[in-house]
Amino acid sequence: MGKDTIADIITYIRNTDMDRKGTVRITSTNIAENIIKILLREGFIENVRKHREANKHFLELTLRHRRNRGRGEPYRMNLNLKRVSGPGLRIYSNYQKIPRILGGMGIVILSTSRGIMTDREARLERIGGEILCYIW
């Protein structure tokens with residue numbers, strides 16, 4: 001992983017989805033675990049398994065896929081992820097100006113004073129924060 005762990009997580013998931021592989025292994029950090037919990041809760045990831053190798057913790061993600069009608073071969077959803085705020089340029093927003101992705105079909109992941117949460121949760125709690133990424 002590089003210096004921007006969130007961008008690395010997004011890149012690993014995007015590359016795994018484009019290669020049509022089912023699983024990806026990510027180094028476990030607190031930020032990674034919180035983002036993965038949101039992706040699991042929102043239905044972008046099917047399963048998460050945590051394991052340990054040589055004193056390092058890893059998260060093994062299984063990406064969600066749909067079956068084609070009658071063909072039996074798996075068809076993966078097009079998973080689009082975009083990193084917004086980075087180490088060189090932080091993007092902040094108050095709760096009223098948090099963007100809506102695809103009219104509410106996608107999600108925005110924010111880092112707030114109450115932890116990492118989705119745009120819907122931030123609007124309900126009426127708090128803003130740093131926009132980490134868009135997922136649709």
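Salt bridges come first: a search of the whole structure, a predicted model, turns up nine of them, each being a side-chain nitrogen of Lys or Arg within 4 Å of a carboxyl oxygen of Asp or Glu. Local features in this predicted model need pLDDT of at least 70, side-chain atom pairs count only at pLDDT 80 or more, and totals for chains, interfaces and linings use all residues. Residues are numbered from 1 along each chain as its sequence is written, and side-chain values use heavy atoms, with hydrogens and water left out.

One of the bridges joins Asp 4 to Arg 83, at 3.0 Å from N to O. The two sit 79 residues apart, with Asp 4 in the segment before helix H1 (5-18) and Arg 83 in strand E6 (residues 81-83); helices (H or I, at least four residues) and strands (E, at least two) are DSSP runs, numbered from the N terminus. Asp 4 counts as buried at 17% relative accessibility, and Arg 83 does at 18%. Here buried means under 20% relative accessible area, exposed over 50%, and partly exposed in between (1.4 Å probe, protein chains only).

Another bridge pairs Glu 53 with Arg 25, whose closest N and O atoms are 3.2 Å apart. Glu 53 is in strand E2 (residues 45-53) and Arg 25 in strand E1 (residues 23-27), so this pair ties together parts 28 residues apart in sequence. Glu 53 is partly exposed at 37%, as is Arg 25 at 40%.

Within helix H3 (residues 119-125), Arg 123 and Asp 119 lie four residues apart, about one turn of the helix. They form a salt bridge at 3.4 Å between the closest N and O atoms.
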